[in-house]
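Trainee: Please take a close look at the aromatic rings in this model. I would like their partners described one by one.

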Amino acid sequence: MKSRNSMKSMACREKLRAPAPFFSRMIGLAFGGIVCFCCITCKQKEPPPAAQTEGVQIRLGSEKRTNDVTRFIDSDDLESDFLNPPAYAQPRICWRWLEGNISKEGIRHDLTEMKRAGIRGAVIYDTDSSSYVHAGRTEPGAGFMSQAWRDLFRYACEVADSLDMEISLNLGSRWHNGGPWITPELSSKKIVWSQVDVDGGRRIQTKLSLPEGLLTRPGSDELYYMPVAVLAVRLDEENMYTAPLERFKIKALHTVHDIPKISGLGYHWEAFVKEEESYDDDFNTRLSDIYDISHKTDAEGNLSWEAPEGRFRIFRFVYTGTGLQVSSSGSGGLAMDFMSAEAMDVHFDHTATILLQDMQGRHSDSWKYLQDDCWEPEAANWTESLPREFKKANGYDITKYLPVITGLIVENRDVSNRFLYDFRRTVSDLIRKNHYGRFKALARQYHLSIHPESGGPHPAPIDGLQNLGQNDIPMGEFWLRATTHRIRPEERFFVKQAASAAHIYNRRFVAAQGPMSIGPMWEEDFRYMKPTFDRAYCEGMNRVVFHGFTHSPVSAGKPGNAYFAGTHFNTNVTWWKQSKAFLTWTARNSMMLAQGKPVSDVCIYYGDNTPNQAYLKHLIPGLGKGYDYDVTNTEVILKRMSVRNGRIVLPDGVSYRILVLPDRRSINAEVLAKIKELVKAGATVVGPKPRTSVGLRNYPDVVKQIQADADSVWGKAFTGQHRFGKGRVIWGKPLRAVLQEAGVAPDMEYKSRRYGTHIDYIHRTRQDAEIYYVVNRKEQAEWVSLTFRVKRMQPEIWDPVDGSLTTQRIFTVEKDKRITLPVLLEPHGSRFVVFRKPVTGTYFTELSRNGVSLFPRLPAHTLSGPPVVTLPDGSFYFLSGKKYELKKHTGRRITLYNYETETMVIRTPWNVSFDPAWGGPEKTTFERLISWSHHPDKGIRYYSGTAVYENRFTLTPQQRRRNRVILTLGEVYHVAEVTINGHATGIWWNAPFEKDVTEYVKSGANTLEVKVVNLWPNRLIGDVQLPEEERFTRTNVRKFTKDAPLLPSGLLGPVGLTFRPIKKT
C-alpha cells in the first residue's frame, strides 16, 4: 500500500514527531550567553507546504464509487417515491459501541434489524457510558483502534455490504478527536504568561518565572511549553488602573463559558463586537512603549536588559497544551489541535488510514462517510503556526499586541478590540482550513464524504457557516422536549444553521442528529417525538440521523445497556417492531424536502466576526410570519453572490429578494466593495450605513475607503433609502414592508379564529412542482385557511403518515397570484400541500354549514375535526349538519341536506392477552377500558410490552351503505396495531388515533384486534420492588425508583365507529 507521496511512512513520521528531551530543545537556542527566546518574528521556521496527496490504492467499491451526495437527482416519479421512499431519504442512526463491547453476532443482529426497520445506514460511535450516576459503566470490550476493534469495524462494513447499507465512522472515541498518538506538540493549545512589575532607568537582571497552568507531558513530570515572546510594557502611570476591555476573557478566547445569552435565541455573539466608548486617555500603554526583549532572555527565563525610564510590566509568554483529554474505552490521550493540519494528518493516519489499510484487497461499497462529533473542546487560542498565519492574514505582526490578550488596553479600546477581532478571525480561519478543510481533502482521497457537526452547537472560536461549508453534508442536531436538560427551544434546535450552509454552499442534504435527550429513559413514543421532528423539518432538515442505537449484548438482558443520553432507539425498546411506520413517516418527509431548491425571500448576513453561529429558526423582527430566510457569511457574499433580474442569486439557482446587513457601524472592506457591486447591478440591501472598518488591516487608511464607498451606495446624506445604479439600500423600514412594497406577498399565510394558533412551514420548488410542508405547532386542533404564493395551480394534500394523496376541490384563486384553501390540522398535525398541475374542472370557493360560513370566512369557534373531507375520487363526506352549502367557482350554489353522522361505541368487554414472560397474565377480561397502571393486578399494573385486545362489533347494511366508516381508538398509550376481520390496517402511532376502515369492515359480525405497546418504565419501577433474582428486566440505567410515577398504558378508549355519508357533486 502506498502512502502519500510527499510523506514518509507512518513509522518514520512518528519517529520524527517523537518529542525531544527538554534539554535538547533548549540547547539549540543558546548562543554566546544571551540567547534568543525564539522570537516569533524571526526564529520560527516556515513549515513546508501542504503535501500533494494521492489516494492510497485501496478498493472501496468500484473505481467510480459514488454516494447520495454525488449521484442525487430529483425524483422522476414523485408520487411513487412518496409512497415508498428511496434509500437516500431513509433515516440513518448513531450506532454506539459502548466501551467497544460488541461482537460479530451483535453487529449482524443490529444491522439486520436496522435494515428491516427501514434504516439506511449507521454512524459508528465508539464511546463509553459517559454518566456513571444514571447509567452505570458497562463491561468493556475491544479498545478503540485495537486490532480486535479494527476487525469488528471491517466486519461491520462486510455485513453492511451484504445488506446494501451505508456505514459512517465518527473519527474518534467519545466526543473529542484525539488519542494516545496525539503528542503535546499536536494537542490543543493555549497561550499563557507570567508577569512582574519593575521600575526602569536601570539594568534589570532577573529570572522570569514560568507561567502557571503548563501541561505536563503524559507519563512524565516534564512540563511542555514553547516560548512565544518576552515583552516589556511601559505602563502609563496616570492610567494604570484603567478598567479592562468588556468581556476580554471571551474576546481573547481564554474561555467559552462566559458568553452572555439572548432569551429565545441563545448565545449573544454580538457581545464580541459591541462597541465600547474609546477615549484618548483610556489606555494602559502605547504601542511605542512596548519593547520586544525576547533576545535579552535566555532559555531558563534569565533576563538581562538595560531598561529606559518608567514603570514596566514584563510578560513572559509561552504556549502550552490545554490538557484536554479524550476519555473513552481503550483510547484516552490528548485532544488534537484543531488549528493544525499536521495534527489532522496524524489523527487521520492513526484512525482512518489504518482502517483503510485493513480493507485492502476487499470489495466494500458500504463505508461512505466520515464525521467527527459536535464541537466539544474547551477554549484553545494558540497553535505553532498562528504568528505566521496572523501576519499573512492581517498584514501586521502580532507580537506587540500580545499584552491585549492579558487584559491591557493598547493605544485605546477601539484599537485593542480591533486586534482581538483579527486574532479571533485568524483562529477561526485556521480551524476551518487546517481541520475541516484538511479533513475533507484527506477523506476525498479515498472517495469518502464527510458530515461533521462542524458548526457547534457549543460555543467555539469558529465561523459556523464557513465550517459547515466544508461538509459534503452539513449537519446539526436537535433535542427532544424535556424538563431535565436543554429545556428552552434555543438550547434544543441547531438545524437552521446547517440548512443555511447547505443552501448557500449548494449542498443537497441537511443532516441533523436527534432527537437527543438527557434525563428521559425509554419514556418517549413516536407521538411525543413528532412535534420535535416537525420543527426540525421546518428549519430545513431533510436527512435524519437518529440518536441513537446503543448496542446491547443479549447477556445484558432487556432493556439492557443504554448510553446516558437518548433517545433510545434499538431492538430492546418495546416499540421496535412498530418503528417502521414512524421511520417511513420521516423518510417521506425527507424525500419531499430534498426535492428541488429551497425558497427563501431574505438572506441575512451575520457578519465577519468570530465566534459566530446562526440561531434557530425564529421570527425576524420586522419580517414576521410567512417569509423564510437563510443566513450567510462573508465567504459566500464575496465568492458566490451575483444579481440577476433584481434578485440576489447563487450559481446553483438559489435566490433571494433582499440581503440584510447586521446593525453595526463597522464592516469588512471587501464585503462593502462587493455590496457596492451587487447594489449597482440591481440588488436590494437593507442595512445601516457603514462608517468604519473591522480589525487593524490597513487601519486607519481603510476607513477612508469605507466611508467613500458608503457615501456612494447610501448617499452622503442618507435618510432611509437611496438608489445606486440599478439597486437600492434601505434602513429604518420593516423588512415586511420592504418586501410588500416590492410586490412580494408572503410565501405562506394562515388565518385562524382561535387564540394562539401557530402554523410553521417550509417550501421547496422544482421545475414541475411547488412543495410546502405545513405544521401545526400547537397541541390543539386547527381549522385554518392557508394561502400560498402560487399562481393558479391545483392544490393537493399529501399525508406522510399514511402516504395518501388527495386533490382538493375547495379553494380560492386570488388574482392568479395566490391560492387559499381550508385545512384541518390535528394537534401537532402536519401535511404537505403540493402544487403540480394547473387548475382544471370544477372547484368550490365557499363552504357553509347550517348557514354558518366555514370558508373562506372561518367560524367563530374552531373545529376539532374536518367538517368535510375530499376523497380521492373527488367526492366528499361530511360531519354532522342539517344543511351544507357549496359555491362553485362559476358562482352556482349547491345545497346538501340531512348529513347527520352516526357513532357507535363498542361497550362490550374486551379479552386481553399479556405476555407472561414479562409478568402479565396470559388471558384476562377488561369489563371497561382503563390504564394498566390503575389495574389492581400487579402483573398488569407494572407490565411493559405488548398486549392484545380482542372484541367484536356488528354493522347493519344501512350503516355500511353509502357511508365511510371511521374507527376511533380514543386514548392509546402508546402505539397500536389494528386488525379487522383478519386484515391488518397498519400501525397507529399518532393522535387522534382514527382511520377510515371502510375497506376492511362488512355488514354483519366483524372481529377487531388491537395490539397495544407501552413503554419500559412501569416494568422497571415494578422490578425495583422485587428481589434481584425475581426481576424481569436488567439494565445499567439507575433512574427509576419504587416511588416513581407509573405511566398511563394500554387502550383507554372510547373505541367507536363513525358512519359518514358520501356525497358526489
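Mentor: A charge sits over a ring if NZ of Lys or CZ of Arg is within 6 Å of the ring centre and within 35 degrees of the ring normal. Keep in mind that the model is predicted. The charged end of Lys-496 sits over the Tyr-629 ring, 4.4 Å from the ring centre. Tyr-761 has a lysine too: Lys-617 lies over its face, at 5.4 Å from the ring centre.

Now ring against ring. A pair of aromatic rings is described by the distance of the centres and the angle of the planes. Across the whole structure, the search finds 56 aromatic pairs. One of them joins Trp-193 and Phe-317. Their centres are 6.1 Å apart and their planes stand at 50°, so this pair is tilted. The pair links distant parts of the chain. Trp-193 belongs to strand β5 (residues 189-199), Phe-317 to strand β14 (residues 311-321), and 124 residues separate them. What about burial? Trp-193 has 23% relative accessibility, so it counts as partly exposed. Phe-317 has 0%, so it counts as buried.

Next, Tyr-396 and Tyr-401. These two form an edge-to-face pair, with 5.2 Å centre to centre and 65° between the planes. Here Tyr-396 is buried, and Tyr-401 is buried as well.

Conventions. Residues are numbered from 1 along each chain as its sequence is written. This is a predicted model: local features need pLDDT of at least 70, side-chain atom pairs count only at pLDDT 80 or more; totals for chains, interfaces and linings use all residues. Side-chain values use heavy atoms; hydrogens and water are left out. Rings of Phe, Tyr and Trp (its six-membered ring) pair if their centres lie within 6.5 Å; planes under 30 degrees apart count as stacked, over 60 as edge-to-face and the rest as tilted. Helices (H or I, at least four residues) and strands (E, at least two) are DSSP runs, numbered from the N terminus. Buried means under 20% relative accessible area, exposed over 50%, partly exposed in between (1.4 Å probe, protein chains only).
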